[in-house]
Amino acid sequence: MPTPPDTSKTLKLERYNNYLRKIHSTKLITASSKLLFRATLLIALILILFFTINYPPLSDTPHHVPPHHRLHHHSLLSTSLFSAGGGAAWEKQVRLSSTPRRTNGFSVLVTGAAGFVGSHCSLALKKRGDGVLGLDNFNNYYDPSLKRARQKLLSKHQVFIVEGDLNDGPLLTKLFDVVPFTHVLHLAAQAGVRYAMQNPQSYISSNIAGFVNLLEVAKAANPQPSIVWASSSSVYGLNTENPFSERDRTDQPASLYAATKKAGEEIAHTYNHIYGLSLTGLRFFTVYGPWGRPDMAYFFFTKDILQGKSIDIYKTHDQKEVARDFTYIDDVVKGCLGALDTAEKSTGSGGKKKGAAQLRVYNLGNTSPVPVGRLVSILEGLLSTKAKKHVITMPRNGDVPFTHANVTLAFRDFGYKPTTDLSTGLRKFVKWYISYYGIQSKTRKGSQATGESG
């Protein structure tokens, strides 16, 4: 009987091939699983990035705030990507704008440069030969087109504004890495007393967190800059002393806005004490003038009078007229530059204090309070239009009945002396307003009808 063929080698080979196939199959499944996991993770990160950029946190924009009151937020990621990562051309613009033209000129970072006071100060600094770099987030607390128009004006004078937020630490750090600023003029803030009742978080984010973030970056800089920053006359709150002096108590704020500005003064004291930062706080008293803020009474009074709308004029609860120490923008600019010129150098280096540093606070006002009714009368004359007045009792919204500045300290230390009375200042404002908004006033129409020239 023939011997059966030996199949053991064939079986072994087949088992070996099956074994190899199983190994390859296992590796393929493992590789596929890893690939799927990584793809899922990547998609999740892209979705998170998308929602971070396009949708601000709910706490920053409460549901009860109307859409036209919600502030436009720049995500920190997008700001850093498109500003700090702007490359060589961006850095060249930053350096060029920051370089002084005069001997021993300053290199100044102006925050809130597209704002009312910020744009005027930036122009004044640039015109005298200092280097100026602006920073502004262009939020829509009021019409951003006005801020863009100021930006365009500054651009004509070679002042570059970086679009970014105070709370963007990497962006601020990048700016200080590119430019060794000698000074910071910190004017960026969430302004307005009444709006704090609608969107309180915006005040905390800008006036407290944003200020701390700026100070954190400034303290670590080498050299540390000298800092002049905007406080407010609102810190006097329920103070009844008259006129308001820097020695008066400021521990009774009447609004959240005032409380955040008072907090800023205490925070400034802390960073001065621990890190040797030279800090000067300026308490502004109702600043007005061309390129002003549309949320201020003189501005929307002008608009409403021209449009034939009724305006609210407040009386106090004891039926007294509300009065303000209206301060013209040119006087405030002189005060800001005076504070910068007399600011001593910070004493720290790389976040370590090496000696006592300068810490100051000053009133910048006009020293002559004017009743709001008088303001309206002046506007009526300038606009040749009678206002439709609606006199009401002042609501409890954080406003105070009067402000009156004592500016003795500012005069002593840097010669601050306001020279513009309300009638003169309002005349300049109305001239700008009519020109900017392309309005043909009744006065002009009358001149044209009679063949007069002006």
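This report looks at one helix, a pair of cysteines, the nonpolar cores and the aromatic rings of the structure above.

## Basis of the model

The structure is a predicted model, in which local features need pLDDT of at least 70 and side-chain atom pairs count only at pLDDT 80 or more, while totals for chains, interfaces and linings use all residues. Residues are numbered from 1 along each chain as its sequence is written, and side-chain values use heavy atoms, with hydrogens and water left out.

## Helix α3

Helices here are DSSP runs (H or I, at least four residues) numbered from the N terminus. The 12 residues of helix α3 (residues 87-98) should span 16 Å at 1.5 Å a residue, and this agrees with its end C-alpha atoms, which are 17 Å apart; the expected span is 1.5 Å times one less than the number of residues.

Which residues of α3 are buried? They are Trp90, Glu91, Val94, Ser97 and Ser98, where buried means under 20% relative accessible area and exposed means over 50%, with partly exposed in between (1.4 Å probe, protein chains only). These residues cover an arc of only 130 degrees around the axis, which puts them on the same side of α3; the arc is that of the directions from the helix axis to the C-beta atoms. The face turned away from the buried side carries the exposed residues Ala88, Ala89, Lys92 and Leu96.

## Two cysteines without a bond

A search of the whole structure finds zero disulfides, a disulfide being a pair of cysteine sulfur atoms within 2.5 Å. For Cys121, the closest cysteine sulfur is that of Cys336, at 3.8 Å, which is too far for a bond. Cys121 counts as buried at 0% relative accessibility, and Cys336 likewise counts as buried at 0%.

## Nonpolar cores

A nonpolar core is a set of buried Ala, Val, Leu, Ile, Met, Phe, Trp, Tyr and Cys residues joined through side-chain atoms within 4.5 Å. The largest one has 79 residues, of which Val117, Leu185, Phe284, Tyr298 and Leu375 touch the most other members. A second, separate core of 31 residues includes Leu135, Ala188, Leu214 and Ala218.

## Aromatic pairs

Rings of Phe, Tyr and Trp (its six-membered ring) pair if their centres lie within 6.5 Å, and planes under 30 degrees apart count as stacked, over 60 as edge-to-face and the rest as tilted. By this rule the count comes to 31 aromatic pairs. The rings of Tyr203 and Tyr257 have centres 6.3 Å apart and planes at 75 degrees, so the pair is edge-to-face. Because Tyr203 lies in helix α7 (residues 200-220) and Tyr257 in helix α8 (residues 256-275), the pair ties together parts that are 54 residues apart in sequence.

Note on methods
Helix = DSSP H or I, 4+ residues; strand = E, 2+ residues; numbered from the N terminus.
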